[in-house]
Amino acid sequence: MASGVSTRFESRADSDLASAALRFARRVHLGQYRKQTGEQFVQHPIAVASLLSDSGFDGPVIAAAYLHDVVEKTDVELDEIRERFGPAVAELVDNLSENEEIPAYGERKRALRSRILANGGDAVTIYAADRVANMRDWRKVAPENRQACGERLGTTLEERFELWEEDVEELHEISPEVPFLAEIETELDALRAEAR
């Protein structure tokens, strides 16, 4: 699991790769907004990348964090990611992209989680950071507005709680040491308390 953690001194190439990924994400997500918060969509991948960077990850992991929603949310294809950012980043982005052919929200999220957990490695770490960032976005929504927020996303608050609880259980099964697992549990506890 910790194989993605690198030294404190990131190489110039790693830094350039992450910077290029951020610029690309800003450009292709331009005009998109988060359904939870109304913020520019790119703030979400930036939040995920910041969590990872603050934990010592760099290079392809940070680049993939910036790009993890690009294939899913824009017209950009995986081949372009591979060409621009290399096969390691493209593989992570591919693992982190939902299968849009699955229409039901919960089924689509479970299929994504299953694929990520089966592939393991850095994809799991980015996924866990993504859960934390998503839950923090939900916490920005006033409790009385969360049901409407769920409807905008094609789900319900109850289904979201169920999916987050499954995330915790399945990540625990992989390892109690999965990065960001403690943060997911903290955010879930706070969301549960606010829902009472």
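1. **Words to start with.** On a 1 Å grid over the protein atoms alone, a cavity is a set of points where a 1.4 Å probe fits but cannot get out. A pocket is an open set with protein on both sides within 12 Å along at least five of seven lines, and lining residues have an atom within 4 Å of a point. Grid points are joined across faces, edges and corners, and a volume is the space filled by probe spheres set on the points.

2. **What kind of model this is.** You are looking at a predicted model, in which local features need pLDDT of at least 70, side-chain atom pairs count only at pLDDT 80 or more, and totals for chains, interfaces and linings use all residues. Residues are numbered from 1 along each chain as its sequence is written, and side-chain values use heavy atoms, leaving out hydrogens and water.

3. The score to look at is pLDDT, the predictor's confidence in each residue, from 0 to 100. Its mean for this protein is 92, and 95% of the residues reach 70 or more. Residues 1-9 have a pLDDT below 50; this stretch has 16 contacts in the model beyond near neighbours in sequence. Contact here means heavy atoms within 4.5 Å.

4. **The cavity.** How many cavities of 30 Å³ or more does the structure hold? There is 1, and the largest cavity contains about 40 Å³ of space. Its lining is made of Lys-109, Leu-112, Arg-113, Tyr-127, Arg-131, Arg-160, Leu-163 and Asp-167. At least two lining residues come from each of helix 7 (105-119), helix 8 (122-140) and helix 10 (157-174). Helices (H or I, at least four residues) are DSSP runs, numbered from the N terminus. By class, 5 of the cavity's lining residues are charged, 3 are nonpolar and none is polar. For these classes, Ala, Val, Leu, Ile, Met, Phe, Trp, Tyr, Cys and Pro count as nonpolar, Asp, Glu, Lys and Arg as charged, and the others, Gly among them, as polar.

5. Now turn to the largest pocket, with a volume of about 540 Å³. It is lined by 28 residues, and those nearest its centre are Arg-34, Glu-72, Lys-73, Lys-109 and Leu-153. Helix 4 (70-73), helix 7, helix 8 and helix 10 each give two or more residues to this lining. Which helix gives the largest share? Helix 8 does, with 6 residues. The pocket lining divides into 12 charged, 11 nonpolar and 5 polar residues.

6. Look for Lys-109 in helix 7. Is Lys-109 buried or exposed? Lys-109 is buried, because its relative accessible area is 18% and buried means under 20% (exposed is over 50%, partly exposed in between; 1.4 Å probe, protein chains only). Setting aside neighbours within four places in sequence, Lys-109 is in contact with Glu-98, Arg-160 and Leu-163.

7. **Glu-72.** Glu-72 counts as buried because its relative accessibility is 15%. Not counting residues up to four places away in sequence, Glu-72 touches Leu-96, Ser-97, Glu-98 and Glu-100. Glu-72 and Ser-97 are 25 residues apart along the chain, with their C-alpha atoms separated by 5.7 Å.

8. **Aromatic rings.** Rings of Phe, Tyr and Trp (its six-membered ring) pair if their centres lie within 6.5 Å; planes under 30 degrees apart count as stacked, over 60 as edge-to-face and the rest as tilted. The count is 3 aromatic pairs. One of them is edge-to-face, Phe-24 with Phe-85, at 5.6 Å centre to centre and 65° between the planes. This pair links distant parts of the chain, 61 residues apart, with Phe-24 in helix 1 (residues 12-28) and Phe-85 in helix 5 (residues 78-85). Phe-24 and Phe-85 are both buried. Phe-161 and Trp-164 have ring centres 5.8 Å apart and planes at 85°, so this pair is edge-to-face. Phe-161 and Trp-164 are about one helical turn apart because they stand 3 residues apart in helix 10. Trp-138, Phe-161 and Trp-164 form one aromatic cluster.

9. Asp-130 lies in helix 8 and is buried, with a relative accessible area of 8%. Phe-180 sits in the loop between helix 10 and helix 11 (181-195), and its phi is near 75°, a positive value in a residue other than glycine. Phe-180 is buried at 6% relative accessible area.
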